[in-house]
Amino acid sequence: MHRLPICCLLLASLSYADDGITPAARLGLEIGPDTTVVSGPLNEFGYPDFLRALDTRMAANVSVEENFWALMWQAMGNVERSSPEMIHEIEAKLGVAIGTERRMYNIFHANQTRVTELAEMQGQASSRPWTREEFPEIAEWLDTNTEELDLVQEAVTRPKAYCPLVTGSDYETTPMIAVLLPHVQGCRDVSRQLTARAMLRLAEGDERGAWEDLLACHRLAHHCGQGWTIIERLVGVAIHANAHDPTTVWLSHSTLSPEQLLTRWEELAPAMEPISFADCVDVGERMMFIDTVLALQTGRVSSRELYALAVSTPEPANGEKLFEADILAEFSNAKYKLYDLVLFASDINETLRYGNSMYDDLHRILSLPNHLERKAQMNDPNGRLAENSAISSSTESLLVEYFLSSDEEFEILPARMMTGMLMPAIKQAEEAQTRMAAKSYTLQAAFAVKIAIGLTGEVPDDIASLRDLGDLVPMIPLDPYTGNDLQIVEDARGLVIYSFGTDGQDDGGVTWGEIPDSGDQYDDQRAILTLAR
């Protein structure tokens, strides 16, 4: 295959005329399980409509009455002020009335000049018991949303979760990467309210009410964590993390009997299953990859437009443009023109076949039950994932591959490049999955410790000894980072039950921010019980 000097190709790309969307037949697209994965429905240009295919799959066998999102949307209202057209589309698909106005009062949106101050108050209100006199504005915020928060508590008990896929524009031309997720972002604010109200109720002696709020928060995280994108699942992990410490505070203050505490854990356990990224990568993210390749190669979207959808350039609060932004724009401009050229110069079917084989690898790796195995295979320097990451992270490496690869290697270069671009997000997802597992396991162990103290009157010396109590305590999982038992130590902080963290080192249960100026050096995951002596 003859390849022109890159300067000539770049000049040619500048004069490229947009003749509209290229039909699938003219592109030579082969529709099938190893290329497009889904065979229909097809749009007017002959391409699979991935948005409708995925939306239909997600909506199957989900009734209004059992759908979490149907009631959650009603509780939040138009939480992110989406367009009326978008809201009407969601209403039609969910079969409920949402309305075009926000239903939940958002204290941060209503006080833009005091966001930092109010966020500090809210953070304290979620971390310990507090009184209305201490944080009157936070109390008023919660009181204003009482009816809505009660609806959330009802919604999270529903067994299924389907929310329509909407883009706010034409399905035929909008890529999947542009799907809007306002409902997921709105859940972050709801979780802040639930944890703050739980700590207020705990201070007021309403232990049961506090538990119901914390249980609702974890269930909310679980529903978000079943979404089709990495973003939704990361939000689920974040909400679980936000509810983790307040739950251990509740456990420390609980006056329930060992038997009652075990019942509480059994209520919570289904929502605490670690969020896996394997199936969303296998289905939703795979479809997004295929749709993105087709969108680029058919002229439905340019690489620069695609980049703008995925990345935003930060700017100072005063609106002054960053100097570095001009330099980054020049580099990204050249880089994405080159991406266009590679895409237009390759066989679309080979690109898709190779890409699907890479997604098969990612799904297999993320499905491994052991973090150490997943990490080793993703970081294997001799593996395809590492090689592809190197290509996508360096324009120089991409140029070398462009000119020196064989014809067969050149055909799969676009897929190698695009899957390489995905790897940082995949690694972060795997780390988040393991981190959530560690948090879940330390909380589970904290319940077991609290129950054991109630049964024996003694603080256990180690986690392994709890297994002697059998079914009287929750099962104690192993540390997902090491495969060994979780650690337990009593010090000035309380009874600290912890996992080693990503570095696999014993930092004594020290985590982010606990030691000033330590950065990310310490990242043990822990649960701290404070015991009355």
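Contact is taken here to mean heavy atoms within 4.5 Å. The structure is a predicted model, in which local features need pLDDT of at least 70 and side-chain atom pairs count only at pLDDT 80 or more, whereas totals for chains, interfaces and linings use all residues. Residues are numbered from 1 along each chain as its sequence is written, and side-chain values use heavy atoms, with hydrogens and water left out.

The protein contains 22 helices and three strands, assigned as DSSP runs (H or I of at least four residues for helices, E of at least two for strands) and numbered from the N terminus. Of its 533 residues, 50% count as buried, a class that covers relative accessible areas under 20%, with exposed meaning over 50% and partly exposed the range in between (1.4 Å probe, protein chains only). When contacts between residues at least 6 apart in sequence are considered, 71% of them join residues at least 24 apart. The protein exposes about 23900 Å², of which carbon and sulfur atoms supply 52%.

Strand β2, spanning residues 494-499, includes S499, which is buried at a relative accessible area of 0%. Excluding residues up to four places away in sequence, S499 touches A438, T442, D479, P480, Y481, L486, D524 and Q525. With one of these, D479, the side chain of S499 makes a side-chain to side-chain polar contact at 2.7 Å; such a contact is a pair of N or O atoms within 3.5 Å, where within protein one must be able to donate a hydrogen and the other to accept it, and residues adjacent in sequence count only if both atoms are side-chain atoms.

A161, in turn, lies in the loop between α9 (146-155) and α10 (182-203), and counts as partly exposed at 31% relative accessibility. Its contacts, again not counting residues up to four places away in sequence, are with N67, F68, W69 and H223. Although A161 and H223 are 62 residues apart in sequence, their C-alpha atoms are 6.4 Å apart in space.

Helix packing was examined for α19 (residues 384-393) and α20 (residues 395-404), whose axes come within 5 Å and cross at roughly 110°. The two helices are therefore roughly perpendicular, the term for angles of 65 to 115 degrees. The contact is made by A390, I391 and S393 of α19 together with T395, S397, L398 and E401 of α20; by class, three of the residues are nonpolar, three polar and one charged.

Terms used:
Accessible areas come from the Shrake-Rupley method with a 1.4 Å probe; for residues, only the protein chains shown count as cover. Axes are lines fitted to C-alpha atoms, for helices over the stretch in contact, and angles run from 0 to 180 degrees between N-to-C directions. Angles under 35 degrees count as roughly parallel, over 145 as roughly antiparallel, 65 to 115 as roughly perpendicular and the rest as oblique. Ala, Val, Leu, Ile, Met, Phe, Trp, Tyr, Cys and Pro count as nonpolar, Asp, Glu, Lys and Arg as charged, and the others, Gly among them, as polar.
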